[in-house]
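Keep the 3D view open while you read.

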Amino acid sequence: MRDQIDFKKSVPDRQTDSREENLLDDPLQSLKEGAGAEHDEAHERRIAWWREARLGLFIHWGPYALPAGEWDGEEIQASYSEHIMLRARVPVQAYEEMSEQFNPTAFDAGRWVRTAKQAGLKYIIFTAKHHDGFAMYDSHISDYSIVRHTAFGRDPLKELEEACREEGMVLGIYYSHAMDWHDPDSQGNTWDYPGNIGAYDDVESWIKDEDKRTRFDHYLHRKSLPQVRELLTEYGRVGLMWFDCGGKLTREQGELFLTTVHALQQDCLVNSRVWKSPLGDYANTSDNQLETRTIRQDWENIITLNDSWGYKKSDTNWKPPVSIIRQIIDVVSKGGNLVINVGPTATGEWDPVSEEILLEVGEWLRVHGDSIYGSGASPTAKPSWGRCTLKDQTLYLHVFDIPADGHLVVPGLLSQVMRVYPLAGGAELAFKRLGNQDLVVLLDNQHLSSDGKPIVLAVECSGPVKGNSERLLMNGEGAPQIYDLGVFESEINGSALRCDTGKKNRDNLLDWTDEREYTVWNVRTTGPCTFAVRLEYGCGDEGGGSYLLKASGQTLSAEVQLTGGPYEFRGFELGKLHFPEAGEYSIELQADRITGAYLMQPRKLLLEQVNV
């Protein structure tokens, strides 16, 4: 798996520290080319189960689990172990010889599916073929497979299909349709096949090259499409086909795969990486994107439990269960699905730590699953203490941080409330109105979480839940001391200015090169209030200029300060903003002058209450 941060070549200090992240077109950027797929009756039928499921399991497994991130006794500097053939430039023959030794005798499809089910996951996406070109099923198109190329001789995909059917789990299939480092006509492998399209080459670089274009098209029709056809005809009902590297195809080639899937299984979902949005039934975020925003009505976030997708023996950077739970809640609160990855070992077993994390997440879901499965985005505003999800007439409050005074303000809830109660059990909670748009739930010590995981409160309304989505700023009862307004929740205006990938330390804006472009936060106040304002951003030597922050007839201005690099974020005091009365306001961050290759890379506004 891979994704792209589209940095400008003219800005050297903004380059990523790994070319691995440039394999993918940035799905957020590509959305500017179309708002999304048309939602016809067939699409609505296909997507219904997926919207209910909300949570899935990704399984990245192949012969790359044998070297597990090392080659010739040395660790390969790559975040993803499944990219070892590319990153170490392993010759096809050497990779074939290594793959022959792949013999995962401990593989137990039933245990995998039962564990996923116990973890509260509703669908599985299995890597039938990754970029290394090795089929993890019994392919009749190529002998380069786990069945015909190894002593193992079994078909893991067939066994998973049977186990999923027995356990009522939906089976999805990952297939790398554009990239195959084993094939002499595909993309990526230029050390064995110097005439190939390179792994980092965009479509424009080869589409007019008759030799490259013809050979790649030959690969698509000789191997890629035929393998997709056999996957959809030999393995029962497939819930979804998960394609990758689609930005390396032309739109026409992507559409060919889409129509092939639906011709064979009309109810099989196809993700946007079949090409890029607006194609596909739903959109994908970047890989391991921790900060998200709604990118289409139906969208999916994909994360690993550590850093790599395939098994990597040195990767022990495990995400704690509470972080996974918060990611689940955050994504569902924006109407998305979350898929969590496991990279099994070469023996066919899961790392014990990954299993422990998933099972702990499953324990939380057994109590609080009603707030996740079949739930989606709320029409109310994002609260400072957590997130809200909605199902039918019930609003679920996911409380990450308990207010110090025990007064939980639910912002923008317009509907009449019948009762409030904790999903984990216990007495109903008292509540009261704060004006005509907000609710206050009164907490006490019995509702505090002892394990650090979010508590969930159900708010039952008398009818359909109606709300005001403007972010609430307030003083007094239930008000936080500092409001954190991230750029991912702002409205960006412009064609170049955009969000970064949302990965760790990439939750900022990019490509602020046009003085006419700006971003806006829409907020609401319950009365007069004043805030000290701080802007957090990064700026390297190539950036510079000045900027303005406007709200309620006031303008704060400042010169951009260098921070040591575009991803070295620092906060800078801008002054104070006063909102004179209750109402809705816009806070607008504008460029004044851009004197460098870019202005800066803003990350968030921090508003701290000031008593005046």
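**Sheets and helix contacts**

Four bridges join β16 to strand β19 (residues 438-442), and the two strands run antiparallel. This is a predicted model.

**The three-stranded sheet**

- Three strands make up this open sheet, in the order β16-β19-β18, and their pairing is antiparallel.
- β16 (407-410) and β18 (431-434) are the edge strands. Each has a single partner strand, so one side of each has no neighbour in the sheet.
- From one strand to the next, the twist averages 30 degrees.
- Within the pairing of β16 with β19, His 407 stands opposite Leu 442 in β19.
- Strands of a sheet pair through backbone hydrogen bonds, either parallel or antiparallel.

**The five-stranded sheet**

- This open sheet has five strands in the order β13-β14-β15-β20-β17, with antiparallel pairing.
- Its edges are β13 (376-377) and β17 (417-422). Each of these pairs with a single strand, so one side of each is left without a neighbour in the sheet.
- Strand β15 (residues 394-399) and strand β20 (residues 455-461) run antiparallel and are joined by six bridges.
- Leu 397 stands opposite Leu 457 in β20.
- Helix α9 lies across β13, β14 (386-391) and β15. α9 runs at about 55 degrees to β14.

**Helix α9 against helix α10**

- Helix α9 (residues 321-332) and helix α10 (residues 352-368) have axes that come within 9 Å and cross at roughly 55 degrees.
- That angle makes α9 oblique to α10.
- The crossing of α9 past α10 is right-handed.
- On the α9 side, the contact residues are Pro 321, Ile 324, Ile 325, Ile 328 and Ile 329. They meet Ile 357, Glu 360, Val 361 and Trp 364 in α10.
- Eight residues of this contact are nonpolar, none is polar and one is charged.

**Helix α5 against helix α10**

- The axes of helix α5 (residues 109-118) and α10 come within 8 Å, crossing at roughly 45 degrees.
- α5 and α10 are therefore oblique to each other.
- Arg 111, Thr 115 and Gln 118 in α5 meet Glu 355, Leu 359, Gly 362 and Arg 366 in α10.
- The residues of this contact comprise one nonpolar, three polar and three charged.

Definitions and conventions: Residues numbered from 1 in each chain as written. Predicted model: local features only at pLDDT ≥ 70, side-chain atom pairs only at ≥ 80, totals over all residues. Heavy atoms only, no water. Axes fitted to C-alpha atoms, helices over the stretch in contact; angles between N-to-C directions. Parallel < 35°, antiparallel > 145°, perpendicular 65-115°, else oblique. Left-handed = near helix turned anticlockwise from the far one by under 90°. Contact = heavy atoms within 4.5 Å. Nonpolar A, V, L, I, M, F, W, Y, C, P; charged D, E, K, R; others polar. Pairing = 2+ DSSP bridges.
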